[in-house]
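Here is a short report on one protein chain. Look at the sequence and the model first, then read on.

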Amino acid sequence: MDPAALFTEVAGLPLGAAAAVIARSGVPVFPCVPGGKRPLTRHGFMDATTDTDRVAAWWRRWPGANIAMPTGAASGVEVVDIDVKPGGSGFGGFAHARAAGLVAGHLAVVRTPSGGAHVYFPTSAGRAQRSWQAAAARVDFRGDGGYVIIPPSTTSATSTAGYRLAGGPVGV
């Protein structure tokens, strides 16, 4: 998966059309509440599919639904989620990890509505990694058992503030 190319392709599309393009590219998707992160399907990320008929049915039912994709082996990408919250951000911790050579080789950077970022990495062949959180550092890792909201999703049904590609494999 090339997230930078895919997110460029779906930029500006209505959510249902973007979900269809992403599913056709081989990346499983599922709907989340409009403007939010809670799954609309019964089993959440475990319901993610590339079946374009199912994807079309979901977005006919929930046209404003955000698009989510599972991380890890299901999609071929792992994501470092850098949070920005009152009291601080995870960008400092990410910078330390980058200086130590721990986060090289990313595929894309997506800016999140809060001012944070999702940094996409290819999954490591044969080395599945579960999702985890480092709450004090304001950095989360989304691997197997996790998911992320993806572009062109927004923070609310009436907002244009959303998830947007900030760059390909370049510095954060």
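## A buried asparagine

Asn 66 counts as buried, at 1% relative accessibility. Buried means under 20% relative accessible area, exposed over 50%, and partly exposed in between (1.4 Å probe, protein chains only). Asn 66 sits in strand 2, residues 66–70. Helices (H or I, at least four residues) and strands (E, at least two) are DSSP runs, numbered from the N terminus.

The side chain of Asn 66 reaches the backbone oxygen of Gly 36 at 3.0 Å. Contact means heavy atoms within 4.5 Å. Beyond neighbours within four places in sequence, Asn 66 is in contact with residues including Leu 15, Cys 32, Gly 36, Trp 59, Ile 149 and Thr 154.

## Basis of the model

This model is predicted: local features need pLDDT of at least 70, side-chain atom pairs count only at pLDDT 80 or more, and totals for chains, interfaces and linings use all residues. Residues are numbered from 1 along each chain as its sequence is written, and side-chain values use heavy atoms, with hydrogens and water left out.

## Helix 2

Helix 2 covers residues 15–24; seven of its 10 residues are buried, so the rest of the structure largely encloses it. The buried residues are Leu 15, Ala 18, Ala 19, Ala 20, Val 21, Ile 22 and Ala 23. Their cover includes helix 1 (3–10), helix 3 (52–61), strand 2 and strand 10 (147–150). Gly 26 follows helix 2, with a positive phi near 100°.

Most residues other than glycine have a negative phi, and most peptide bonds are trans. Arg 138 has a positive phi, near 60°. Arg 138 lies in the loop between strand 8 (132–134) and strand 9 (139–142). At a relative accessible area of 24%, Arg 138 is partly exposed.

The peptide bond from Pro 151 to Pro 152 is cis, with omega near 5°. Pro 152 belongs to the loop between strand 10 and strand 11 (164–167).

## The whole chain

The protein chain has four helices and 11 strands. Its radius of gyration is 15 Å, close to the 16 Å that the globule rule gives for 172 residues, so the chain is as compact as a globular protein of that length. The radius is taken over C-alpha atoms; the rule is 2.2 Å times the number of residues to the power 0.38.

Of the 172 residues, 46% count as buried. Among contacts between residues at least 6 apart in sequence, 67% join residues at least 24 apart.

Terms used
Polar contact = N/O pair within 3.5 Å; in protein donor to acceptor, adjacent residues only side chain to side chain.
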